[in-house]
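The following note sets out numbered comments on the structure shown below. Please read each comment with the structure open.

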Amino acid sequence: MGDFNEALWQFEHLPVRQRGEGQMLAFRELIQNCDLHDLGFSGVPFTYDNHREGRNNVRVRVDRALADDSWRDIFSESQVVHLTSPCSDHCPVQIKFSSEPQRSTRSKCLHYEICWERDAQSTAVIEETWKEVGDKQDLGKISSALGRVMGALRLWSRTKFKNIGRELEKARKNLARLQASNSDRTELRRATDHMNELLYREEMLWLQCSRISWLKEGDRNTKFFHSRSVWRAKKNRISKLRDSSGTIQREMLEGTNDIAIVLIPKTQQSIELKEFHPISLCNVLYKIVSKCLVNRLRPVLDDLISPNQSAFVPGRLITDNALLAFECFHYIQKSKRPDTAACAYKLDLSKAYDRVDWRFLEKEKVMQGSLSPVHVCRRAPGISHLMFADDTLLFFKANNDQARVTKEVLHDYALGTGQLINPAKCSMLFSSATPAEVQNSISNTLQLTNVSFENKYLGFPTPEGRLSKGKFQSLQERIWKRIMMWGENFLLAGGKEIMLKAVIQAMSVYVMGVFKLPDSVCDDLNRLSRNFWWGAEKARQEEDFLSWHPDRLGLFSVRSAYHLALSLNEMASSSSSSDENLRKTWDCLWKSKVPQKVKIHAWKAASNTLPTMENKKKRNLEASEICKIQPPVPWTKPQLGWMKLNIDGSFDASLNQGGIGAILRNNAGSVIFSACGFIERCSSALEAELLACKEGIIMALQWTLLPICIETDSLEAVNLNQSANNVRSELAHLIREIGELISGNREITIKKMLRCQNTVSHFLANRGRTVSRSEFWPDNTCNLITHLVCEDSLID
């Protein structure tokens, strides 16, 4: 968090003069390379103000807080607030790590869990409960039957589907216990299948919570789904509301945000009621009935709906409205005669969907004829209004008389429908030929406060002359935020491909249906997609380019280009049949019904593009094609005349129990003894390591008179024993006892070794903890560790 001295987007820079696009692009790429995310803010939209007047005033957001996904998961309730200060030109930035405590009195909603379908009994529960209700002759009984089915499923799930997190932890411990005790392969396979089933159910659970529809489960994307669902819940949480009188309500009124009505924020920091969309959530019964009605009406929709309706009917597009509006805007902007100049009036309706008085529909009130429509050319039809849901455009001649007529019509419209016109958000587009006096009089008549026209219509940028790159910056921002929100590190190649095709490319298709994007915008969009696919670091490498081969003197000439083209033509003609077979092979691969990651891996393997050492050497990424994976470091025999004691401790934090393991071998690798023990009460893994060291030394002193070399994989235990005089911990008594055993007449040393060199004692320690008993085997009589001892001898 701090002053980065740069903005991310042009809209964060409020002065008239635009900021350098190259610097902001470099800043965005830096954030993406570091895998950081902007934490957002609440308060004033800028953090720097030079406090100058007029065009010299500069206000920009240069202070911000950035964090990675790990930090956001830990502090999921954090909030960034822009404070105000009268002493500095920078706003103080405050981070709240926890939000205000919320008192929720709502009962938990019952949701259908898709993971229930993994159990075959779920279908039987639904059928039995549905039959118990009996005949269902009306919608009330159907609704009651659905409620009883949901209640039966909830009771059934309490026994069949317990808390997945706790069940998964139990399965993980059970599998570890079976592996440590060298159990039967059938039992191990059964435990592994059970754990895989729980992992799949956990992934399905977080998939349903994240509301992600473009990526399917089954590819171990649990962490990705969990991250998205946490941030989705944080974004949709409503902490307070401000009513029309300015009073802050921190507790939701009953029925405001329950299962039937949900408030969707319009802006990043929504606080007033008018800044939320009230969305009614329909229950299952309503959806079934409405679907039946739609299916019956679909064949006759084209005859029932007026031809002026440009959407929601097959064959009609929302872009038709946008094309008509932009043609009218172009005509208004290019008009040169004041007597024929027209204007466009963009209306803003407050709560358009919940203020309709249906009695108005019985009356006949037509706006046509009250206004002078716009004719973009001689034979063009006149256009006086364009309406799409709550987006309304009015076109009329630019004079005060027409403005008064418009005001009267809108007044009657508001009285008849119950909809309210919000003059503070309405805007007007004038022609440059319209005199300033006429513009001011029209604005005063209609009570306009916005001096500029709306910059968007139906999601498209409003054209103003030749469309430049800056007009499409909102599209780039949306795609960039979506990429940063999902994060490239959470998805495999298959998930990235699906997101690029289903989400990223689809976002630009809507705008490209009306406008031809500038080449610079296309390059930026390709760069964003490329960075997401390859990773920010790899995508910065130089792109491939086509070059002609020079002649033998190293010079480019027409002759060398001709010979190259001739050779390429011969290669193409000779390989036409093989290309057809290859194309069929690729079609068979991409159409196969396997996970996307399997297809991509098979494609890389078939095209020899896997990152093997051989391929890396060909691309000068490695100096040698030999694999650098080193074999495990072997256990080493003690020197002649010495004994080696390997010890290890095991600890279970959930049960506060532990185990110890020890094995003593001579310089030939022969086993003198092996032992395991159970610790009923153990506070930490370090205590288990120290107890294993103590008990191992006691047994070794009784079984040999030679010097002893003690090896353990705990560096902390080795350091504590080497500085026994300065230890002031709760385990100091164990360290003193070990020091007394070592300081006797026998030469004893303790040193650190790797975990892979300590497999035998590690197995014995886990066995002592899992079987809950102590065992001792003299010589090589323990059959449980025979294969491990042989492996150590063979490697050595």
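1. Of the 796 residues in the chain, 37% are buried, where buried means under 20% relative accessible area, exposed over 50% and partly exposed in between, for a 1.4 Å probe and protein chains only. The model is a predicted one, in which local features need pLDDT of at least 70, side-chain atom pairs count only at pLDDT 80 or more, and totals for chains, interfaces and linings use all residues. Residues are numbered from 1 along each chain as its sequence is written, and side-chain values use heavy atoms, with hydrogens and water left out.

2. The chain contains 25 helices and 26 strands; these are DSSP runs numbered from the N terminus, with helices being H or I of at least four residues and strands E of at least two. Its accessible surface is about 48,800 Å², and carbon and sulfur atoms account for 53% of this; such areas come from the Shrake-Rupley method with a 1.4 Å probe, and for residues only the protein chains shown count as cover. Contact means heavy atoms within 4.5 Å. Of the contacts between residues at least 6 apart in sequence, 65% join residues at least 24 apart.

3. Two packed helices are described by the angle between their axes and the distance between the axes. Here the axes are lines fitted to C-alpha atoms, for helices over the stretch in contact, and angles run from 0 to 180 degrees between N-to-C directions. Angles under 35 degrees count as roughly parallel, over 145 as roughly antiparallel, 65 to 115 as roughly perpendicular and the rest as oblique. A crossing is left-handed if the near helix is turned anticlockwise from the far one by less than a right angle, and right-handed if clockwise.

4. Helix 1 (residues 21–33) and helix 15 (residues 519–534) have axes that come within 12 Å and cross at roughly 15°. The two helices are therefore roughly parallel, and their crossing is right-handed. Helix 1 contributes Leu25, Glu29 and Gln32 to the contact, and helix 15 contributes Arg527, Leu528, Asn531 and Phe532. By class, three of these residues are nonpolar, two polar and two charged; Ala, Val, Leu, Ile, Met, Phe, Trp, Tyr, Cys and Pro count as nonpolar, Asp, Glu, Lys and Arg as charged, and the others, Gly among them, as polar.

5. Apart from neighbours within four places in sequence, Arg28 is in contact with Leu8, Trp9, Glu21 and Trp480.

6. Helix 15 also packs with helix 14 (residues 493–512): their axes come within 10 Å and cross at roughly 165°. This pair is therefore roughly antiparallel, and the crossing is right-handed. On the helix 14 side the contact involves Ala493, Lys496, Glu497, Met499, Leu500, Ile504 and Ser508, which meet Leu525, Ser529, Phe532 and Trp533 of helix 15. The contact has seven nonpolar, two polar and two charged residues.

7. The axes of helix 21 (residues 685–703) and helix 23 (residues 732–742) come within 10 Å, with a crossing angle of roughly 25°. Helix 21 is therefore roughly parallel to helix 23, and the crossing is left-handed. From helix 21 the contact draws on Glu687, Leu690, Leu691, Cys693, Lys694, Ile697, Ile698 and Leu701, and from helix 23 on Leu734, Ile735, Glu737, Ile738, Leu741 and Ile742. Eleven of the residues in this contact are nonpolar, none polar and three charged.

8. Leu349 belongs to strand 14 (residues 342–350) and is buried, at 10% relative accessibility. Which residues does Leu349 contact, leaving aside its neighbours within four places in sequence? They are Asp390, Thr392, Tyr413, Gln419, Leu420 and Ile421. Leu349 and Asp390 are 41 residues apart in sequence, with a C-alpha to C-alpha separation of 6.4 Å.

9. Asn656, in the loop between strand 21 (643–652) and strand 22 (657–665), is not a glycine but has a positive phi of about 55°. Asn656 is partly exposed, with a relative accessible area of 42%. Ser772 lies in the loop between helix 24 (759–771) and strand 26 (775–778); its phi is near 60°, a positive value in a residue other than glycine. At 39% relative accessibility, Ser772 is partly exposed.
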